[in-house]
Amino acid sequence: MLKNIPAIISPELLKIMSEMGHGDELVLADGNFPAASHARHLIRCDALGTVELLKAILSLYPLDTYAERPAAVMQVVEGDQVVPIIWEDYRRLILEHEGITDAFDQEERFSFYERASRAYAIVATGERAQYANLILKKGVIFPDVSPDPQSQRMELK
């Protein structure tokens, strides 16, 4: 057990997120997404929804501040009457954790599949909402520049 790591972040997901570098992408896939056939690395989180998992992930995972939009959702297919209200939860969480107001692009379905197949990993969730797929581009953690003397490195003699 470790401190300050959300319990729903499995050791496998924690390892994957730690391995990822700046610009790598992580996909949160809903229950209908063909995750196994598209994933380079597949993490199963079938008992979890995307909103609760996104909240936990964003407590550890920085979004890319160099990208115009560090996240993407799957665009609603033309003629489909679904209104993906889950996107509002995503917007709220990204704003709360990252301060980004316009965080995601909408990708056409097959373009989204292609992008997901190039992602570092896909997290297969049990989310039942339609169009709940989300791609997150990893950012960087900047050095602490606080004037706190205890955070300064000691010089070796």
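Let's start with D102 and R69, whose side chains meet in a salt bridge with N and O 2.9 Å apart. (A salt bridge here is a side-chain nitrogen of Lys or Arg within 4 Å of a carboxyl oxygen of Asp or Glu.) D102 sits in the loop between α4 (86–98) and β4, and R69 in the loop between α3 (50–58) and β3, so the pair ties together parts that are 33 residues apart in sequence. The helix and strand labels come from DSSP runs numbered from the N terminus: H or I of at least four residues for helices, E of at least two for strands.

How open are these two? D102 counts as partly exposed at 43% relative accessibility, and R69 is partly exposed too, with a relative accessible area of 25%. For reference, buried means under 20% relative accessible area, exposed means over 50%, and partly exposed is in between, using a 1.4 Å probe and protein chains only.

## What kind of model this is

This is a predicted model, where local features need pLDDT of at least 70 and side-chain atom pairs count only at pLDDT 80 or more, while totals for chains, interfaces and linings use all residues. Residues are numbered from 1 along each chain as its sequence is written, and side-chain values use heavy atoms, with hydrogens and water left out.

The structure holds twelve salt bridges. One of them joins E25 and R115, with the closest N and O atoms 2.5 Å apart.

Now for a contrast: which charged residue is buried yet has no salt bridge? That's D64, whose nearest side chain of opposite charge, K137, is 5.2 Å away. (Lys and Arg count as positive, Asp and Glu as negative; His and the chain ends are not counted.) D64 is in the loop between α3 and β3.

## The two sides of helix α5

Helix α5 covers residues 109–118, and F112, Y113, R115 and A116 are its buried residues. Looking down the helix axis, these fall within an arc of 165°, so they line one face of the helix. (The arc is that of the directions from the helix axis to the C-beta atoms.) On the other side, F110 and R118 are exposed.

The buried residues of α5 pack against several elements, including β1 (25–29), β3 (71–74) and β6 (134–137).

## The nonpolar core

In soluble globular proteins, nonpolar side chains tend to be buried together. Here, the largest nonpolar core has 47 residues, and those with the most contacts inside it are F33, L53, I57, Y90 and L136. (A nonpolar core is a set of buried Ala, Val, Leu, Ile, Met, Phe, Trp, Tyr and Cys residues joined through side-chain atoms within 4.5 Å.)

What does I57 touch, leaving aside its neighbours within four places in sequence? I57 is in contact (heavy atoms within 4.5 Å) with I9, L13, M17, L26, L28 and L136. L54, found in helix α3, is buried at 0% relative accessibility. Not counting residues up to four places away in sequence, L54 touches L28, Y90, L93, L134 and L136. The C-alpha atoms of L54 and Y90 are 7.6 Å apart, though 36 residues separate the two along the chain.
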